[in-house]
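Please work through the exercises below with the sequence and the structure open beside you. Each task is followed by a solution that goes step by step.

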Amino acid sequence: MNQVRKLKIGLVFTLDYEIHGNGSGEFENWAYFPTAKMLNVFEVYGAKLTIMAEMGHYWAMKRYKEQFVRDIELFESQLKDAVRRGHDVQLHFHPQWIDAKFEDGSWQLDFSRKTIERLCHNYDEAYFYLKKGKDDLQNLLTPVNPDYQCICFRAGFLQMQPSENMMKALTDAGFLSDSSVSKGMKNDDSLRLLDYTSASSKYRPWKASNTEICDRDETSKIYEFPLLSDSKGFLNKITNKLSNLKKEKNINDIISGFMGVYGKGMMPTYRPANTLSKLKSMLSQRWYYADFCQRDHSELTRYMKMVISDCKKNNDYNFVPVVMIGHSKDFFFANNLSLFFKSCQKIEEVEFISYSEAVKKFDGK
């Protein structure tokens, strides 16, 4: 008698645990408090949060520990508490913090492309910081949970190209997975240079090539767990604009407006230089990732239904892990997240799982 196969989507919520990208903002207000609130919401619905702990800021604070005693204690205690409660913590790192200086009450960071990409061009440096991040997190968290392992990574600004040095460093440092690629993402500006348009999938993990993270290579030891994404063409944009005129603003519009007022100067921005560039940008296909802090719950639910439909269409009834991203500094509306959790609970194919659990389960399938 043939056993009926059932599709199971392992939904992974990864939270980039950090202050603003230019070093502004208090850790307690922009990382600690939003994450504490988020953990409580997750536990109401039996979901698991994976905190991608940004270690560059943590190390910088420890260099100025007299000024940041309280923030260091909050950082460490929250990660310990999360693991104690059954959540996950993995490594995130922004290299602009490597030589950060705290002067006149504010952080001075380096946003040059050379700095943002420096790990991609220097194996020794990449290995040093990956190994240090792994060791520091394990030393902090194994006393809480002896089974804890740091095996997953996310690059600052999602910069994983050129890939060869980073892939070798990840492998040698004992990592099993990266989650920096978002299919369709392409940047060529003053901050970063990357092109993920050729990524193997917009949601399904693959063993990433040792020379190009977007490509598959079954001999590789590193799984790429991409950020769930989808594309919108020009007609989609027009349809959405017309639709929004007929209804109240959703969370996407609210957060965009909020960050427009309060987030000025938080990150270097790119604007098309001329009219032709602006027109090309407007007409081009755009890719968006499923950000569970910034996207409306109805749109997040659409993403999940898209994945399920695609899996069934391709007769894929294996375990499929799907990664969503969020940022502690963007978490303003707990009710929106609650509504998404309620929607997920009504979808029988969906289960909540941590990043490291998903990697181990996918690797052992």
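A crossing of two helices is called right-handed if the near helix is turned clockwise from the far one by less than a right angle, and left-handed if the near helix is turned anticlockwise. The model used in these exercises is a predicted one.

**Exercise 1.** Describe how helix α11 and helix α12 pack, and state the handedness of their crossing.

*Solution.* Begin by locating the two helices, of which α11 covers residues 297–313 and α12 covers residues 334–345. Their axes lie 9 Å apart and the helices pack at an angle of about 30°, and by the definition above the crossing in which α11 passes α12 is right-handed. Next, look for the residues that meet: on the α11 side they are H297, L300, T301 and M304, while on the α12 side they are N336, L339, F340 and S343. Finally, sort the residues of this contact by kind, which gives 4 nonpolar, 4 polar and no charged.

**Exercise 2.** Is S338 buried or exposed, and which residues does S338 touch?

*Solution.* First place S338 in the chain, where it belongs to helix α12. The relative accessible area of S338 is 12%, and a residue counts as buried under 20%, so S338 is buried. When residues up to four places away in sequence are not counted, S338 touches V41 and Y45.

**Exercise 3.** Work out at what angle helix α3 and helix α6 cross, and which residues make the contact.

*Solution.* Helix α3 spans residues 69–84 and helix α6 spans residues 123–141, and their axes come within 10 Å and cross at roughly 70°. Because angles of 65 to 115 degrees count as roughly perpendicular, α3 is roughly perpendicular to α6. The crossing of these two helices is right-handed. On the α3 side the contact is made by E76, L79, K80 and V83, and on the α6 side by L137, L140 and L141. Sorted by kind, the residues of the contact of α3 with α6 comprise 5 nonpolar, no polar and 2 charged.

**Exercise 4.** Examine α3 by itself: what distance does α3 reach, which of its residues are buried, and what follows the helix?

*Solution.* From its first C-alpha to its last, α3 reaches 22 Å with 16 residues, which is close to the 22 Å expected at 1.5 Å a residue. The buried residues of α3 are D71, I72, L74, F75, E76, Q78, L79, A82 and V83, and these pack against β1, α1, β2, α2, β3 and α6. After the helix comes G86, with a positive phi near 95°.

Key
Residues numbered from 1 in each chain as written. Predicted model: local features only at pLDDT ≥ 70, side-chain atom pairs only at ≥ 80, totals over all residues. Heavy atoms only, no water. Axes fitted to C-alpha atoms, helices over the stretch in contact; angles between N-to-C directions. Helix = DSSP H or I, 4+ residues; strand = E, 2+ residues; numbered from the N terminus. Parallel < 35°, antiparallel > 145°, perpendicular 65-115°, else oblique. Contact = heavy atoms within 4.5 Å. Nonpolar A, V, L, I, M, F, W, Y, C, P; charged D, E, K, R; others polar. Expected span 1.5 Å × (residues − 1). Buried < 20%, exposed > 50% of the residue type's maximum accessible area, 1.4 Å probe, protein only.
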